[in-house]
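Hi everyone, thanks for coming. Could you bring up the sequence and the model for me, please? I'll walk you through a few spots.

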Amino acid sequence: MIELLWLLLPVAAASGWWAAQRRSADCRGATVHNADYFKGLNYLIDDQPDRAIEVFTRMADVDRDTAEIHLALGNLFRRRGEADRAIHIHDSLIARTNLTDDQRRRAMLELGEDYLRAGLFDRAEELFQKLLDQPDHTAIALSRLIHIFQQEKDWRQAVAYSDRLEQISGESKRRQTAHFCCELAEAANAQNQHDEARAWLRNALTRDPGCARANLLLGRLAMRTGDYQAAIAAFQAVEQQDRGYLPEVIALLGQCYSLLGRLGEWIAYLRDVQTRDHGARITDALAEWLLRQEGERAALQFLERELREYPTLLGLRRLVEIKLARGEGAEYTDLRALHCISTQMLNSAARYRCGYCGFVVKSLHWWCPSCLQWSTIKPMPDLVMKTSA
Ligand SMILES: [Zn+2]
């Protein structure tokens with residue numbers, strides 16, 4: 001109820017404005033409308049929002065000079081999720097012949113917002129395109145068109161319009177346009193157009209040198225073409241750009257070093273990274289390497305030492321796996337159950353979380369489906385907890 005009252009404030013403001021306008025011209029008409037306005041408010045206070053809206057709608061219908069009330073009422077319906085009613089109000093407003101140019105443009109803008117809310121992107125796009133030439137509305141029209149192009153995955157248009165918006169507003173759009181270029185690179189890659197993909201990724205890094213996604217994709221592309229040295233350089237750059245994405249490249253780095261037969265460099269790299277990052281996947285990769293190169297005892301000693309200070313579920317499961325591989329002993333049944341439980345927990349846990357809105361998800365999304373921010377979803381620390389000393 002209180003929320004609805006707040007939503008109706010624009011209507012109240014518009015009604016006040018309208019009443020003030022009318023007072024000088026027609027005191028009796030204004031009194032009638034003021035009576036309607038208070039009637040509407042009473043319905044709100046009595047928790048009868050539908051009847052209140054009826055009254056406000058009737059107020060807007062009876063006079064041809066009530067554009068402001070129409071605009072406010074349409075916005076109210078849209079905020080309430082009633083996009084169809086908002087469209088009807090704004091559309092009929094635009095059809096009037098007696099609007100000022102400013103009112104008509106504002107009505108077009110609002111109608112575009114209604115279409116967006118209703119998911120009618122083609123109609124919204126048509127309206128926002130018409131507003132691009134209106135200096136007062138160019139920036140907002142561009143931002144809405146960019147939103148539409150992202151929804152429609154029209155990344156080339158998204159890049160072009162973002163560049164235009166950046167020019168007009170002076171506000172950097174580099175971070176998001178780098179992602180648009182990465183999207184184009186992924187599309188080219190899917191069609192085996194490697195040169196084009198590489199060009200888009202370099203474009204992304206020119207726009208945003210901190211774009212970890214571009215280096216992640218460059219590394220994968222280099223692996224596909226057998227250039228493991230280039231892949232290592234790209235994956236290691238990811239850690240320099242944003243350590244939060246390191247878990248995404250650790251396994252790939254291990255593969256590259258292994259394929260090049262440079263395991264000594266791999267372990268040196270892992271140990272160097274571990275001086276600043278005790279994440280689960282670093283610990284797991286080190287334990288795996290120790291198991292292969294130095295045997296079970298060295299791997300277990302490392303894991304027991306590491307997990308005591310930096311407990312992780314992945315590390316615990318690795319420890320149990322190594323003990324299980326010893327064969328059936330007195331603890332075998334317990335270890336088997338522990339392995340099963342830890343595997344179930346790892347499989348069912350959300351692995352990624354948006355640092356902006358808290359949205360959790362099982363696979364990596366570069367564009368948060370909840371808050372629509374880029375690069376805010378990152379791997380979760382995998383139940384890493386630093387124990388208190
Ligand atoms: Zn988010």
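**Around helix 17**

Let's start with Gly295, which sits just after helix 17 and takes a positive phi of about 100°. A quick word on what you're looking at: this is a predicted model, where local features need pLDDT of at least 70, side-chain atom pairs count only at pLDDT 80 or more, and totals for chains, interfaces and linings use all residues. Residues are numbered from 1 along each chain as its sequence is written.

When I say helix or strand, I mean a DSSP run, H or I of at least four residues for helices and E of at least two for strands, numbered from the N terminus. On that basis the chain has 20 helices and three strands.

Back to helix 17, residues 280-293. From its first C-alpha to its last, its 14 residues reach 20 Å, close to the 20 Å expected at 1.5 Å a residue; the expected span is 1.5 Å times one less than the number of residues.

Is helix 17 mostly covered or mostly uncovered? It is mostly covered, with 11 of its 14 residues buried. Buried means that 20 or more other C-beta atoms lie within 10 Å of a residue's own; exposed means 12 or fewer, partly exposed is in between, and C-beta atoms are placed from the backbone. The buried residues include Ile282, Ala285, Trp289 and Leu290. What covers them? The cover includes helix 15, helix 16, helix 18 and helix 19. For the chain as a whole, 35% of the 389 residues count as buried.

Ala251 lies in helix 15, residues 246-260. Why does Ala251 count as partly exposed? Because it has 13 other C-beta atoms within 10 Å.

Now find Asp227, in the loop between helix 13 and helix 14. Asp227 is also partly exposed, since 15 other C-beta atoms lie within 10 Å. Its C-alpha is 9.0 Å from that of Cys256, which is 29 residues away in sequence.

**Two helix pairs**

Two packed helices are described by the angle between their axes and the distance between the axes. Here, axes are lines fitted to C-alpha atoms, for helices over the stretch in contact, and angles run from 0 to 180 degrees between N-to-C directions.

Take helix 5 (residues 67-79) and helix 6 (residues 83-94): their axes come within 7 Å and cross at roughly 160°. They are therefore roughly antiparallel to each other, the word we use for angles over 145 degrees. Among the residues making the contact are Leu73 and Phe77 of helix 5, and Ile89 and Leu93 of helix 6. Contact means C-beta atoms, placed from the backbone, within 7 Å. By class, this contact has seven nonpolar, three polar and two charged residues. Nonpolar covers Ala, Val, Leu, Ile, Met, Phe, Trp, Tyr, Cys and Pro; charged covers Asp, Glu, Lys and Arg; the others, Gly among them, are polar.

Next, helix 7 (residues 101-118) and helix 8 (residues 121-131) pack at about 155°, with axes 8 Å apart. This pair, too, is therefore roughly antiparallel. The contact includes Met108 and Tyr115 of helix 7, with Leu127 and Phe128 of helix 8. Its residues divide into nine nonpolar, one polar and three charged.

Methods: Angles under 35 degrees count as roughly parallel, over 145 as roughly antiparallel, 65 to 115 as roughly perpendicular and the rest as oblique. Two residues are in contact if their C-beta atoms, placed from the backbone, lie within 7 Å.
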